[in-house]
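Me: Please take me through this structure by question and answer. Keep it brisk.

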Amino acid sequence: MSTRLASALRRLWDSLLAYAVKFGVVGLIGLVIDVALFNALRLGVFGEGHWAQSAIGAKTISTSVAIVFNWLGNRYWTFRKHRRRNYLREFVEYAIVSLGGMAIALGCLWVSHHWLGYTSLVADNIATNVVGLALGTAFRFVLYRYWVFGHHRADGLSNLSRVEEAQRTLFEEPEGAPPLENPEGTSPTANAP
């Protein structure tokens, strides 16, 4: 394999694919939480005859729990180099994007359940946990990667580490560098008192 191709593949891995794999792992765990809680609520495990047992109520609750889990996983694992010091602002932005993804899944569920009349548990799961999940995941990944955890964010930890590295480069003498010499060719410390 040529070094140019290897270099291009490495940049692709570092810039996108590594994030996508980690995002997928966190998302799969969040999906298990979401689907398990959704079905438990729909089957009445936590009681019957209330809003949480309805299709929309169960999905709202299960997705909200999964959103909190996914934020923690993505903040501390997937995008840990790009997480922000202001974690409240980051969480609010994460929640906004997640609610957009949830709205996509709820929209698919609403169309299937209320508009098309597919009211079985299997139909609800296909609408929200297959179709809605696929559309919502693509939406969330793009906005998480380039907005919420974007490397360009001023308060991002990766941005701060780049600033610190630049300061060290500018204001500290690099290791192994020869001592500075004055115009007479002697070391500046040689004439010091």
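Me: In what order do the elements of the protein chain run from the N terminus on?
Reply: This is a predicted model. The protein chain holds five helices and zero strands. From the N terminus on, the order is α-α-α-α-α.

Me: Among contacts between residues at least 6 apart in sequence, what percentage join residues at least 24 apart?
Reply: The protein chain has 193 residues, and 34% of them count as buried. Take the contacts in this chain between residues at least 6 apart in sequence. The share that joins residues at least 24 apart is 66%.

Me: At what angle do helix 2 and helix 3 pack?
Reply: Two packed helices are described by the angle between their axes and the distance between the axes. Helix 2 covers residues 55–78 and helix 3 covers residues 87–115. Their axes lie 9 Å apart, and the angle is about 145°.

Me: Is the crossing of helix 2 and helix 3 left-handed or right-handed?
Reply: The contact draws on both helices, with Ile-67 and Trp-71 among the residues of helix 2, and Tyr-94 and Leu-99 among those of helix 3. By class, it has 13 nonpolar, eight polar and three charged residues. The crossing is right-handed.

Me: How far does helix 3 reach from its first C-alpha to its last?
Reply: Helix 3 has 29 residues. At 1.5 Å a residue, 42 Å is expected. The model comes close to that, with a reach of 39 Å.

Me: Which residue with a positive phi follows helix 3?
Reply: The phi in question is near 85°. That positive value belongs to the residue that follows helix 3, Gly-117.

Me: Is Asp-34 buried or exposed?
Reply: Asp-34 sits in helix 1. Beyond its neighbours within four places in sequence, Asp-34 is in contact with Lys-59, Ser-62, Thr-63, Ala-66 and Asn-129. Its relative accessibility is 8%, so Asp-34 counts as buried.

Me: How far apart in space are Gly-24 and Thr-137, C-alpha to C-alpha?
Reply: Gly-24 is found in helix 1. Gly-24 is partly exposed, because its relative accessible area is 30%. In sequence, 113 residues separate Gly-24 from Thr-137. In space, C-alpha to C-alpha, the distance is 9.2 Å.

Me: Does Phe-46 count as buried or exposed?
Reply: Phe-46 lies in the loop between helix 1 and helix 2. Residues up to four places away aside, Phe-46 touches Leu-37, Ala-40 and Leu-41. The cut-off for exposed is over 50%. At 54% relative accessibility, Phe-46 therefore counts as exposed.

Key: Residues numbered from 1 in each chain as written. Predicted model: local features only at pLDDT ≥ 70, side-chain atom pairs only at ≥ 80, totals over all residues. Heavy atoms only, no water. Axes fitted to C-alpha atoms, helices over the stretch in contact; angles between N-to-C directions. Helix = DSSP H or I, 4+ residues; strand = E, 2+ residues; numbered from the N terminus. Left-handed = near helix turned anticlockwise from the far one by under 90°. Contact = heavy atoms within 4.5 Å. Nonpolar A, V, L, I, M, F, W, Y, C, P; charged D, E, K, R; others polar. Expected span 1.5 Å × (residues − 1). Buried < 20%, exposed > 50% of the residue type's maximum accessible area, 1.4 Å probe, protein only.
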